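I opened this structure today and kept notes on what I looked up. The entries follow the order in which I took them.

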Amino acid sequence: MIKFPLALISSVSLLIGATSYFGDNGNDTLPNPPDLTITRFSGPDVTPSPACLAVAPTGEVFVGVDMIGSLGKDPGKGRVLKLIDRDNDGKMDEHTEFAVVDNPRGILVLGSKVYVLHTTFSPESGKATGMALVVFEDKDGDGKADGPAQPLIEHLSNTKYIQERGTDHATNGIRMGIDGWIYIAVGDFGFHNATDRSGQKLTMLGGGIVRVRPDGTEMEIYTHGTRNVYDVAIDPYMNVFTRENTNDGGGWNVRFSHHIQTGEYGYPVLFQHFTDEILPALVDVGGGSGTGALFMAEPNWPEKYNNVPMMADWGRSMLYMHRVTPDGPTFTQKEEEFLALPQITDLDVDGSGRLFLSAWDGAGYSGSPSKGYVIRAVPENWAYKAFPDLAKVSVEELAQLLSSASAVARLNASQELVSRNNAQAASAALAVASDATLPLYARVAGIYTYAQATGAEGIPALTALTKDAAVKEHALRALTDRKAILAGVSEDLFLESLKDSSARVRAAAIIGLGRLGREEAAQALLQTKVPASFAAPAKNVEGPHATPNAAIVLPHLAVRALVSLHAVDAAVTGISGENGTLALWALRYMHDTKAVNGLIAAYGQSKNEKLKRQILVTLARLYKKEDAYDASWWWGTRPDSHGPYYKAVLWEGSPAIEKFLKKEALKVPAKKPFFIDLNERNRMEIAAFAAPKKKETPVAKEPKVDLEKIKSKKGQVGKSSIEDVLLAINKLKGDPSKGKLLFTSQGCVACHSINKGDKMKGPFMGQIGSIMNREQITESILKPNASISQGFATVTITAKGNKSYMGFVTEETAARVVLRDIGGNVYTVKTSDIISRKEMKNSMMPAGLANALSYDELASLVTFLAQQKK
């Protein structure tokens, strides 16, 4: 639905790796995995094109039906349905249309309130106007929203590109943490002037995670620098995990990440060549397309399936578990396949342990009224246990639920206690937080519940809890969690905690000092040690952006805190100190003339050549800055990821930097290559440092292929129905060596690369075997228009000078667009020359390219492609 790389299965409901189909054939159970009972909860007659779902603790399932999909643009095709299983047999018994919304992308159920993230449209023009987080309420319990939605955040995506492309890289899933914040997965459309209920505005270039209070206030950025993150999994200790990916054309590689508040993850301008500056993902698992996420922590689930992030991958039609192991302030991980489901979109669990999952099931990029369903999965020997009506239970019972082994029970009990808004509820939460005999997850729930219930009045008790090593990290986090009460929080506790033996406590202290906003903390932050792993990758080498690096976390967070404090003076003073590396790292982001002057002065005073070299590196990094984001542009699905900026502009400090660098370069001519490298790496475009022009190496000519001639031939494939071809391919093994030759002779090389080192053209085939099975590959060859690969739609451009171009975009920067046409011709168009740009509905790949082949030849080509799993 969101980012799948090749044509969809449009006529077959297939589970990759499963032992049976689970689509429209009526099967009630799926033997995968064997110790779960899986039932079909609802079919496409009720829940077609299910983009998202959420479950009330009492078991009511809310499904977001989205027949606009990721590339559709017409309103009036979305709704949220409420589904009920009265007899608990795993099948829906009744449903109601809860609310009408377009493009539902995230749902959260909390008591009588249902939060929905969706695309908004103008009733007058029918055009998209952005995205909004809204809340509906059903106080009378009739299964329908009582009235219109109440907007909490508006303009939560880039309206221009939703109108032009659809909602494919927009804002997606929502989930609440035990801290009471709603966490929002923001795709790399980003947003401009998103506005919360208090009127606060926020702009974010690119993707990441944003959070907001349930009443729609206090909106803030949590992390930044991911691509098309679709949802978040949050564990009981407020660790946030996502499964997002990288550029189209490079395999759609999926990265599993641990999000640490204030962290910068680098997409798209830092994650390849400036990896020293980012928090890396925990792993790159190869091609795929992450969608829904859930941290499973329910006591009636088997241990082997419990206390893990469960991450859906739509591209791989698989629900994965990531076994996470603590590693200082972060984790390492091990991925495991868990449950196969065709184009899985979302999942959630209720208070009785029932896991519900939605399957897009080949509904296409614009949705389908006949595809998609919801299943229920429960462990063997599962027994239904009714979840209480929390509005009717006592504070004592809520406190017991706050100590439950069920994360669902703790979260909902916490929010009910907060809503009681009385001293008894706050006291009950504090008692749980203070009880050292309780499990840590219960005490953490008590801390955050108490913090929400008391606000500034709870500061003394939370401060006292920091003396307990078991919960110190969470007491520190709770103290600075709400900016409105920070005036009453002492920074001394946080300064002392910088020396704690626990790396997680030190991380919480660093983040807290940044949130407190007191610049006097800068000197202490500057003492954070920088490890040897803080090193820029070699020239033109992709750095380790998906390799765990626990040692880099604390200095990274310290730099983010120093930048938020705008501690220019302290950083400049620290250049020549014992930890000058951290000071210089922080100064890379301080576009202030005081920073420039301080760096130049420090250079003149130093006799340390290594330090002087790093000062030059820092000045070069500061020479330009990212242009202010106004949402009039987006970097596309295949952006220029060289870095360090995407749309770089000069600023008031640039002339002084240029003058100084030129002066220093003239002093020692032998060092000019160093300045040339600085110029190239940071894209300063200073003419004096332009690299000498190299003699161009003749480009090897690619084989010219007459696609019209190929498709006009009629062989065994061209004379057969697609059903007969698919049946034959399933029986034939094929010869991959013959398939490799056919990849060239049949014209595949005109638009596809196999090796990552090759210049990217159209959809990358080097990982197709890890994303699609043989049947899917076959159908994508035979029916190229079934669904266009996102990022590879045919684009037509009209440019100045009465010029027009047609092709797919192979490279895009703020200044130019590079296209490649079906014949392999490459065109570069200046962005300033573009008059109009439009995506076509049909694929550039002509149908019929396999017509001349025999069944055996096509099987060989398919086998060759299926083996591509780099």
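**Entry 1: the cores**

I started at isoleucine 615, which touches Ile575, Leu584, Leu599, Ala602 and Tyr603, not counting residues up to four places away in sequence; contact means heavy atoms within 4.5 Å. Before going on, I note that this is a predicted model, in which local features need pLDDT of at least 70 and side-chain atom pairs count only at pLDDT 80 or more, while totals for chains, interfaces and linings use all residues. Residues are numbered from 1 along each chain as its sequence is written, and side-chain values use heavy atoms, with hydrogens and water left out.

I then looked up the largest nonpolar core, which has 153 residues. Tyr115, Leu133, Ile184, Leu562 and Ile615 have the most contacts inside it. Its largest share, 9 residues, comes from helix H11 (residues 550-565). A second, separate core has 25 residues, among them Val717, Cys748, Ile781 and Leu861. I use "nonpolar core" for a set of buried Ala, Val, Leu, Ile, Met, Phe, Trp, Tyr and Cys residues joined through side-chain atoms within 4.5 Å. Buried means under 20% relative accessible area, exposed over 50%, and partly exposed in between, with a 1.4 Å probe and protein chains only. As a general note, nonpolar side chains tend to be buried together in soluble globular proteins.

**Entry 2: histidine 556**

I stayed with helix H11, where histidine 556 lies. Helices (H or I, at least four residues) and strands (E, at least two) are DSSP runs, numbered from the N terminus. Is histidine 556 buried or exposed? Histidine 556 counts as buried because its relative accessibility is 1%. A polar atom of the histidine 556 side chain lies 3.3 Å from the backbone oxygen of glutamate 277. Leaving aside neighbours within four places in sequence, I found histidine 556 in contact with Gly263, Glu264, Glu277, Ile278, Leu279 and Trp585.

Next I looked up glutamate 416, which is in helix H3 (residues 407-420). Glutamate 416 counts as buried because its relative accessibility is 16%. Its side chain makes a polar contact with the side chain of arginine 420 at 2.7 Å. A polar contact is a pair of N or O atoms within 3.5 Å; within protein, one must be able to donate a hydrogen and the other to accept it, and residues adjacent in sequence count only if both atoms are side-chain atoms. Not counting residues up to four places away in sequence, glutamate 416 touches Leu390, Ala391 and Leu398.

In H5, 12 of the 15 residues are buried, so it is largely enclosed by the rest of the structure. Those buried include Arg443, Tyr448, Tyr450 and Gln452. From its first C-alpha to its last, H5 reaches 21 Å, close to the 21 Å expected at 1.5 Å a residue; the expected span is 1.5 Å times one less than the number of residues. Just after H5, glycine 455 takes a positive phi of about 60°.

**Entry 3: strands**

I moved to strand E2 (residues 50-55), where 6 of its 6 residues are buried. E2 runs antiparallel to strand E3 (residues 61-66), joined by 5 bridges; two strands pair if DSSP finds at least two bridges between them. Valine 55 stands opposite valine 61 in E3. The two strands form a hairpin with 5 residues between them, and glycine 59 in the turn has a positive phi of about 105°.

I also noted an open sheet of 4 strands in the order E1-E26-E25-E24, with antiparallel pairing. Its edge strands are strand E1 (36-42) and strand E24 (344-349), each pairing on one side only. E24 is joined to strand E25 (residues 355-359) by 5 bridges, and aspartate 346 has serine 358 in E25 as its bridge partner.

Last, I checked strand E19 (residues 283-287): 4 of its 5 residues are buried, so it is largely enclosed by the rest of the structure. Strand E18 (residues 253-259) pairs with E19 in the antiparallel sense over 4 bridges. The bridge partner of asparagine 253 is glycine 287 in E19.
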